[in-house]
Amino acid sequence: MALYVVQFLTGLANASSLFLAACGLSVIFGVTRIVNFAHGAFYMLGAYVAYSLTQRLEGGLGFWAGILVAAAVVALVGALLEMSLLRRIYRAPELFQLLATFGVTLMVEDLVHLIWGPQDLVGPRAPGLDGAVTVLGLPVPTYDLLLIVLGPLVLGALWLLMHRTRWGVLVRAATEDRDMVAALGVNQKWLFTGVFTLGIFLAAFGGALQIPRTAVTHQMDLSIIAEVFVVVVIGGLGSITGAFLAAVLIAELNAFGILVLPGISLVLMFLVMAVVLVIRPWGFLGKPIQTGVKTIGEATRPWRPWSPATSVLVAAAILLAALMPLLLGSYGLSVGAQILIAVVFAVSLQFQMSTGGLDSFGHAAYFGLGAYGAALAVEWSGLPMEAALLVGPLAGLAGALVFGWFCVRLSGVYFAMLTLAFAQITWSVAFQWVEVTGGDNGILGVWPSDWASSPAAFYWLTLAVAVVCVLVLRHLVFSPFGYRLRAVRDSTVRAEAIGISRQRTQYVAFAVSGTAAGLAGALFAFLKGSIFPDVLSIPTSIDALVMVLLGGVATVSGSVVGAIVYTMASIWLMSATDLSRLVLGAVIVFLVVAFPQGIVGSLAGLVAGPLERWRRPAGAARPVALPAEGRQ
Amino acid sequence: MTNALLEVEHLSKSYGGVHAVEDVSFRLFAGEMLALIGPNGAGKSTCFNMVGGQIPVGAGRIRITGRDTIGLSPRQIFRLGVGRTFQVAQVFKSMTVRENVETVFASRDGGLGFLGRAGSAHRTAAEEVLALTGMAEFAKRPCADMAYGDVKRLELAMALANDPKLLLMDEPAAGMAPLERVELMALTARIARERQIGVLFTEHDMDVVFAHADRMMVLNRGRLIAEGAPETVRRDPQVRAVYLGEGLVYDQAAAARRADA
């Protein structure tokens, strides 16, 4: 009994810090409609700055001053970020906002590495609170008790701020209807900056408060952001009280989950989220969101199958690729195979995103399932490569069928966050279920069959798979199914009124996409000869997104180009600099701001505009139907 | 008569105590143009969306070709032979005009629809429908480049592609130029008569209504206040009161002036 009480108290203490991080994200989303992926990075930054300050400031006053000053300093950085970056992308699609703030996360990771070094840091104990209080015979850290009190205090303070000040009233009004608030003459710019600064302050404060409890590490950002997403989604985006309730639920779930089901404690959290979202698609206290951002369909020009001329060019490109083994050595061919696998992975996501309008933030799940499926088939059943290359995509398909069933019930930003959550589930299973997956040690010895073991043969194998995948997915875009899928993306109301089921169509698209990603993962396992949990991690999902973004979301298969450019660039970057994440993050941010339609898409737009004007001589304005009769 | 195309009985819907539609009953027969008119907020669109399946029915009964449609999704209602247009046109903006119509045919192909090309499979059928609605020359235009009036016409083409028995048109001519309105409704009326399609439509433009409706119904605050031939409805004092006002404000103002004098 005593153990349960103490565990309950630990859960409440964890809930407080989780709430601090999550409520900031929720407030920011409520007003600006941006899901701030960088929130975890600011949480981590708060902890690092607080560590440095408390090393220099002495005594109780110094400690608390250090914590508060750290939060304030980080909040200032947040304000600068809002003014320089976010203001440019408030009208961009959600996906781009998520990507840009993820780019910031990458940059912060490398900057933290540069400033504070690679090792974990252990902060000071809170002066006067370093002891423990005995509860039912078991010790509970005094600092935990402070945190338990602090959570509700912050909730109360935020409530007063939101309900008793003019600023708070404006924030709540903007959460309800920001266009109306703007129409009333409120300066939106400063309101947004203020809200973002407050949100970042709370995140940094939450991070800083952690230093007496845990070591300050580089993994703090991504590990907290997954939990924060779960809390915010369960609580309802934009709701502070919802975030508090959800934080308590999740923290207690974790506290007791470790006692009851130590192996799958990480999975538990995401399962609860999936269940809550299916029952209440906008969380405990949230409301359905109207983002009003244009869908991808509106920016897309009509797609056409390749013309004969284009087909010849494509055939020439494939022939050129097939001749590569004559030119390249074994290193070059392994890079080539890696690029071709990236092509398969990227087009699988592009089918879902461009044709289906489903912005997945967790595509790594299906890539990883394919990789693990193939690797386990080899390790357990001793299957040959040919059979394992079938098991991989089937594993991807199975994952997509299970996760997709939940995901297609949602849309927009909730869809993106749920896909991310499922990818994190798969990651945590691979990470925690050591007996099967080998955990962090991965699975080794996944080698291709003899005939495919030479670099040239394996390269040709991946080339064949990539060509078939691209062609099949392209075919699907123009098949009756592709028409239905695009119809659902462009106008769900109209699609349903002509007999097309949104959920069923998107579910099938999700499954197709997962299967192709699984195939890419299976090939990847054989290319590397081994597989580790990081193929399932968030950065893998981001890789795919950036490839699609580079290629152009509004194209059918632009991501082929995106995958080639991105894979070559990142391999080169890894060898050229230690700060690859800093550069990559900056590149992502730059891409989002400079090419909102992707490189191929934007270039096509640049070329198509003048071309169309040239084709249609002046005077031929937009076509208007004017039937002959009845007009003068 | 029991062979009505659309039978609506005691249809009601309320939103949190506000009765948007209350006890509405009517019938629509094949080949008939039935206009539903009324001031803003009278419940016309709510009525429409309940018949089309976009909004769940509060209470009452709807039968289309004798089949009860309560609880059916818009998809299932579509399959009963119902085509519809929306108040704000809903088309597929990333596609060409012809592809929009081809999609309607593609939706009727069974199975997963992975095989074959939707474009070539349904080209002839789509072009026939476009020709019928006078859109043949715009077949290859991107939908996003079309004027709004033509988008509305495309919606009609998409509704007709299903070879419907019943057409639901919610303000088909809203946002169009006056001449275009008249043409669109003349076209609809002609097709409806030729193909024996029953048309239920709402419209604010009374010229359009009186020119083409065989019968009309007037809705006010969720209730049907008049129904019958256009000429009868036009003379109905209650309808005149709803549309022109009771003159109370004018009377009061006049009384005040008299008192001053």
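Colleague: What makes up 67% of the contacts in chain B with a separation of 6 or more?

Modeller: In this predicted model, residues 24 or more positions apart account for that 67% of the contacts in chain B with a separation of 6 or more, where a pair counts as a contact because its C-beta atoms lie within 7 Å.

Colleague: How many helices and strands does chain B have, and what box do its C-alpha atoms fill?

Modeller: Chain B has ten helices and ten strands, and its C-alpha atoms fill a box of roughly 80 × 40 × 35 Å along the principal axes. Buried residues make up 47% of its 261 residues.

Colleague: Why is helix 24 of chain A called mostly covered?

Modeller: A residue is buried if 20 or more other C-beta atoms lie within 10 Å of its own, and 13 of the 14 residues of helix 24 of chain A are buried, so the helix is called mostly covered.

Colleague: How do you know what span to expect of helix 24 of chain A, and what span does the helix reach?

Modeller: The expected span is 1.5 Å times one less than the number of residues; for the 14 residues of helix 24 of chain A (residues 538–551) that expectation is 20 Å, and the helix reaches 20 Å from its first C-alpha to its last, so its span is close to the expected one. Just after helix 24 of chain A, A:Gly552 takes a positive phi of about 110 degrees.

Colleague: Which residues belong to the two domains of chain A, and what separates their centres?

Modeller: The domain assignment gives domain 1 (2–279) and domain 2 (296–577) of chain A, and the centres of these domains, taken over C-alpha atoms, are separated by 33 Å. In the contact between them, 20 residues of domain 1 of chain A meet 24 residues of domain 2 of chain A. On the domain 1 side that touches domain 2, the largest share, seven residues, comes from helix 11 of chain A, and this side divides into 18 nonpolar, one polar and one charged residues.

Colleague: How many residues does each chain give to the contact between chain A and chain B, and which helix of chain A gives the largest share?

Modeller: The contact takes 32 residues from chain A and 44 residues from chain B. Helix 21 of chain A gives the largest share of the chain A side, eight residues, and by class that side has 16 nonpolar, eight polar and eight charged residues.

Key
Residues numbered from 1 in each chain as written. Chains lettered and ligands numbered in written order. Predicted model: local features only at pLDDT ≥ 70, side-chain atom pairs only at ≥ 80, totals over all residues. Helix = DSSP H or I, 4+ residues; strand = E, 2+ residues; numbered from the N terminus. Buried ≥ 20, exposed ≤ 12 C-beta atoms within 10 Å, placed from the backbone. Contact = placed C-beta atoms within 7 Å. Nonpolar A, V, L, I, M, F, W, Y, C, P; charged D, E, K, R; others polar. Domains from an automatic or database assignment.
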